[in-house]
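Reader: I've got a structure open and I'd like to talk it through with someone. Can we go over it bit by bit?

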Amino acid sequence: MADKPLRVLVGKVGLDGHDRGAKVVAQALRDAGMEVIYTGLRQTPEQIVEAALQEDVQVIGLSILSGAHMQLLPPVLEMLREQDSSDIIVVVGGIIPKEDVAYLKDNGVAEVFTPGSSTEEIISFINSKVEQNQ
Amino acid sequence: MSDQETKEKLLKAKKSWQEKVEKVVEKRPERKQFKLDSDLELKKTYDPLDLENFDYLEKLNWPGEYPFTRGIQPTMYRGRLWTMRQYAGFGSAEETNQRFRYLLDQGQTGLSVAFDLPTQIGYDSDHPLARGEVGKVGVAIDTLADMEILLENIPLDQVTTSMTINSPAAVLLAMYMAVAEKQGIALDKIGGTIQNDILKEYIARGTYIFPPRESMRIIVDIFSYAVENIPTWNTISISGYHIREAGSTAVQEVAFTLSNAIAYVEAALEAGLEVDQFAPRLSFFFNSHSNFFEEVAKFRAARRIWAKIMKERFGAKNPRSLMLRFHTQTAGSTLTAQQPDVNIMRVAFQALSAVLGGTQSLHTNSRDEALALPSEHSVLLALRTQQVIGYEIGSVDTVDPLGGSYFIETITDHIEEEVMRYIERIDEMGGAVEAIEKGFIQKEIQASAYKYQKEVESQERVVVGVNKFQTSGEQPMDLLKMDPATSQRQVERIKEVRLSRDQGNVSEALQDLRKAAQSDNNLMPHILKAVKAYATLGEICGVLRDVFGEYQQQITL
C-alpha cells in the first residue's frame, strides 16, 4: 500500500444535475481514507482532465445519468491518452446500458457501477486496482 | 361514563395488555427497532390514548374545510379522479408528439412535458455545451417551430399541460401561449403548469442559470403577468420531489418545499402583489416514497401546515389561497436495476399512498427507468397501475379513508411538528434563499442521503433484489433505443429557422428584452414578442445571462 492517501477526483460531466450518487460516493471514499476532490456540476470533458492533472489524482470517478455518456466519456479517455496519463484509473457511475458498458470498458474505463452498486464495492475495486497498477 | 372514567379504564386495560406483550417479547423478541424514515421510533401499536385531546375540527375538519387535512375538495375522487399525467418527452418534437397522442388515446387525462437538458439550461441544440445531451432526458425545444410540432393536433383547450421547466420557464410558457393563439384558443381557456421553481434547482436538481435574486424576479414577473393574462395557469409547482430524490427524509421534503414556498410568497408580496391575487395559482409537487403510511401522513400534514401558514402568516382570505394542491410522482430513486419487474409493485404501493394522501395528479414511474428511458409498453403498465387504483380497488370510494386512525393521526402530527421546527430554523437564517446560499439545506439532505446508503449497505434497510433476495442472471428487457440521428436533425432545424425568419424582428425583440431586463419592467411581454419572432431559446436566455449573470454553484461536501 502507498504511504500517502489515494487522491480521487469525483466529477459530474455534462449538464446532468443528479449529484446524489456522486456526493454519496465522494463521502464514502473520504471516509475510507482517500483524498477526494469533488468538481461540482456541469464539467466538460476538458475541465475534468485538466482538474485531474492539476490535482495529480490517481483515480477519476465520473457520474452521469443523462444518457450522454457515449458522447462525453470517450473524449475524457482520449485526452488522458494524449496527455500520457492513461495510468489514471477511470471509473464511472450512472445509468449506463450494458452494451455501452462493454464499449466503455474496451476503451479505457476500468469499471462501470450501475444503480444498486454499494460504496463498499467501489472502494474495494479502487483499492485493488491501484495496488495492481503499482 | 365520564371522560376520566373512560381513560382510567383504558389505562388499566392497556397495562394488562402490556404485561402480556412483555412476556411474548421475552420469548419471541421483535425483529428490530421500527422507525419512520424521518426517524420517529414507532410504538408497537397506537390507541385512543395517543389521540387524547385531539381536536377534530382544529386538526382535521371535513374534506374541503380548513385546514384541509382530509383533502381540498369536499367529495375528492367521488367527484372526479386525479389527473393521470405521465411525464414524457424524448428525442425530437415529432417523437414526443407521437408519445403524447398515444398516451391520450390510452386514457391519460393530462400532458406532462420533459425537456432535454440544453433546453432546461437555456442552450440551443447547436451550442457546444449541448454536446451529447440533445433529446436525451426530454424533448429538445429551440424555437416556436419545435413547440408547434410538439403540440400538433392536441386541442389545448381540452387538455392541461404540465411543463417541467424552471430557469427558462417564461420562454416555454410564452411558446405555449403562442401555439394556443395559433390554434385559435383564448388564453383564458388554456390550463396547465410550469414548474418554475428555481430554489430547488440550487438545492437538488441543478438546472439553474441565473443567480437566486434575479431568478426570483423572473418568477414574480410571471406571477404578476399571469394574474391579468392567463388566469387559469398554475404559475409555479413548488417541488419537493427532487429534494426527496436527492436523499432527504419525508420531513425534510415538506420542510424545504414549504420554506421555498414561503420565499416565493414573500418575494411576490415585496413586489407589490396581493396575496389572494397569486396564491390560488401556486401548486406543489411531491414525491411518493416507499414507507407507505409515513407518505400518506406526509401529504396530509403538508396540507394542514400550508393552510395555517397562508392564513396565519400571510393573512390570505380566499379559501383557494389556503389549499395545497399537488402533483405526485412515485420515487424514481427506489427503482432498482436488478429484477426490474419488481418495480411495478413498488410503484403501485407508492401510487396508492399518494391517492390515500389526496393528490390532484399523479405520475407513476415505469419499471425500466433504472435502466433507460421507459419503453412504450412499460409506460402503459405504469398508467394501467393508476387505472387499477382508480377504478378497481375501492380506494377512492370514500374521502380520506385513513383519517382518524390512531397511527396516521399521530404521525401526521409528528411530521407537522418536525417540519415546523425546520421552517423556524430556516426563518432564523433569513429564509430559504439565505439557507441555500449558506449550503444549509444541501448539507442536511446530503447527510440523510449518506445515512440511507449506509443503512442499505448494512442491510438495516432491505431493498428487495439488491441487498436481499438477489437472483443471478437477469431477464432481458426491451429498452427504448434513442435514434442517434435526432440530434443532427434538431441542429439542422434550428439552422433553417434562423435562416428563414425576419432577422430585423428578432434583433428588435431581443433589444427590447435587454432593456426590460435592465429596468423593472415585466419581462413576459418582451419574451412573448421574441418567441413569436422565432428568436431561439438560447438567444433569449443569452440576453438574460448577459444582464443577470450566471449562478456559481455552492459546492458542499
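Reader: Let's start in chain A: what is the bridge partner of Arg7(A) in E2(A)?

Author: Keep in mind that this is a predicted model. Strand E1 of chain A covers residues 7-12 and pairs with E2(A) in the parallel sense over 4 bridges. Within that pairing, the partner of Arg7(A) in E2(A) is Glu35(A).

Reader: Which strands of chain A stand at the edges of the sheet, and why is one side of each left without a neighbour?

Author: The open sheet has 5 strands with parallel pairing, in the order E2-E1-E3-E4-E5 (chain A). A strand with a single partner strand has one side left without a neighbour in the sheet, so the ones standing at the edges are E2 (35-38) and E5 (111-113) of chain A.

Reader: And by how much are neighbouring strands of this chain A sheet turned against each other on average?

Author: We're still on the sheet that runs E2-E1-E3-E4-E5 in chain A. Ignoring direction, its neighbouring strands are turned against each other by an average of 20°.

Reader: Now the contact between the chains: which helix gives the largest share of the side of chain A that touches chain B?

Author: In this contact, 26 residues of chain A meet 30 residues of chain B. On the chain A side, H1 (20-31), H3 (69-82) and H5 (119-133) each supply at least two residues. That side divides into 10 nonpolar, 11 polar and 5 charged residues. The largest share, 5 residues, comes from H1(A).

Reader: Over in chain B, are H10(B) and H12(B) roughly parallel or roughly antiparallel to each other?

Author: Helix H10 (residues 250-270) and helix H12 (residues 292-313) of chain B pack at an angle of about 25°, their axes 10 Å apart. Angles under 35 degrees count as roughly parallel. H10(B) and H12(B) are therefore roughly parallel.

Reader: Which residue does Gly192(B) stand opposite in E6(B)?

Author: Chain B has an open sheet of 5 strands too, with parallel pairing in the order E2-E3-E4-E5-E6. Its edge strands are E2 (87-88) and E6 (233-234). E5 (residues 191-194) pairs with E6(B) over 2 bridges, in the parallel sense. Opposite Gly192(B) stands Trp233(B).

Reader: Last one: what is the phi of Arg42(A)?

Author: Look in the loop between E2 and helix H2 (45-54) of chain A. Arg42(A) is partly exposed there, with 19 other C-beta atoms within 10 Å. Although it is not a glycine, its phi is positive, at about 60°.

How values were computed:
Residues are numbered from 1 along each chain as its sequence is written. Chains are lettered from A and ligands numbered from 1 in the order in which they are written. This is a predicted model: local features need pLDDT of at least 70, side-chain atom pairs count only at pLDDT 80 or more; totals for chains, interfaces and linings use all residues. Two strands pair if DSSP finds at least two bridges between them. Axes are lines fitted to C-alpha atoms, for helices over the stretch in contact, and angles run from 0 to 180 degrees between N-to-C directions. Two residues are in contact if their C-beta atoms, placed from the backbone, lie within 7 Å. Ala, Val, Leu, Ile, Met, Phe, Trp, Tyr, Cys and Pro count as nonpolar, Asp, Glu, Lys and Arg as charged, and the others, Gly among them, as polar. Angles under 35 degrees count as roughly parallel, over 145 as roughly antiparallel, 65 to 115 as roughly perpendicular and the rest as oblique. A residue is buried if 20 or more other C-beta atoms lie within 10 Å of its own, exposed if 12 or fewer, and partly exposed in between; C-beta atoms are placed from the backbone.
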